[in-house]
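Subject: Structure for you to look at

Hello,

Here is the structure I promised. Please open it first, then read my notes below.

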Amino acid sequence: MFELDWLDRKAIQQLYGVCKSPFDTVFDWIHREKNEYGETIIQFNTYFFRNDLYWLYENRNNRTRYGDPIALSVGWRGIPSSDIDAFVHIWTWTRDAIYFFKGTQFWRYDNESDQTYTEDAEGKKYPKLISEGFPGVQGPIDTAFYDKRDQNIYFFKGSNGYMIRLGKKKVMLLYT
């Protein structure tokens with residue numbers, strides 16, 4: 001496999017320009033993964049989603065993965081095939097939950113099986129309405145993130161910001 005080095009990539013960007021259109025969502029994901037020897041390792045990558053494609057930025061190698069972009073439907077089984085609005089990863093000592101949001105709905109992602117859950121522990125089917133899983137937050141949303149420091153999920157829609165404290169199921173309007 002041949003790959004251009006960093007200086008050559010920068011020279012090509014100078015010649016042809018860089019990507020100028022916006023991404024639908026961008027997120028860092030720290031997750032456990034098995035290596036070729038079956039050992040569990042921690043991966044830290046940044047993902048860029050645009051329309052029906054995604055790019056994986058390999059932080060340890062300081063570059064995008066060879067062969068990207070890839071179709072969302074190939075790399076992320078069970079989520080909508082385009083236009084993802086947000087990604088939230090709740091990672092605490094007792095919880096590891098991944099959510100994708102599009103329009104008025106959300107999906108929970110199972111990292112172990114590398115696909116979305118079809119139903120929750122109570123047997124309710126995914127996708128679910130954002131307003132059901134996160135009471136007080138009406139979809140569609142523009143973006144969201146989980147802040148591990150204060151254990152709050154922040155949702156943004158237009159000029160409004162909402163905060164939900166993990167486990168409280170009560171929304172607080174931050175600003176309008």
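The largest nonpolar core of this predicted model has 19 residues. Such a core is a set of buried Ala, Val, Leu, Ile, Met, Phe, Trp, Tyr and Cys residues joined through side-chain atoms within 4.5 Å. Buried means under 20% relative accessible area, with a 1.4 Å probe and protein chains only. I90, F101, F134, V137, I141, I153 and F155 have the most contacts inside this core. β6 (86–91), β7 (96–102), β11 (143–147), β12 (152–157) and β13 (160–165) each give two or more residues to it. Strands are DSSP runs (E, at least two residues), numbered from the N terminus.

F134 touches Y99, F101, F106, I153, F155 and I164, leaving out residues up to four places away in sequence. Contact here means heavy atoms within 4.5 Å. Apart from this core lies another, of 14 residues, including F49, L72, F87 and F100.

Now look at β6. Six of its six residues are buried, so β6 is largely enclosed by the rest of the structure. A86, V88 and I90 cover one side. F87, H89 and W91 sit on the other. β6 pairs with β7 in the antiparallel sense, over six bridges; pairing takes at least two DSSP bridges. H89 has I98 of β7 as its bridge partner.

Overall, 37% of the 176 residues are buried.

Residues are numbered from 1 along each chain as its sequence is written. Local features need pLDDT of at least 70, side-chain atom pairs count only at pLDDT 80 or more, totals for chains, interfaces and linings use all residues, and side-chain values use heavy atoms, without hydrogens and water.

Best wishes

Technical notes:
Buried < 20%, exposed > 50% of the residue type's maximum accessible area, 1.4 Å probe, protein only. Helix = DSSP H or I, 4+ residues; strand = E, 2+ residues; numbered from the N terminus.
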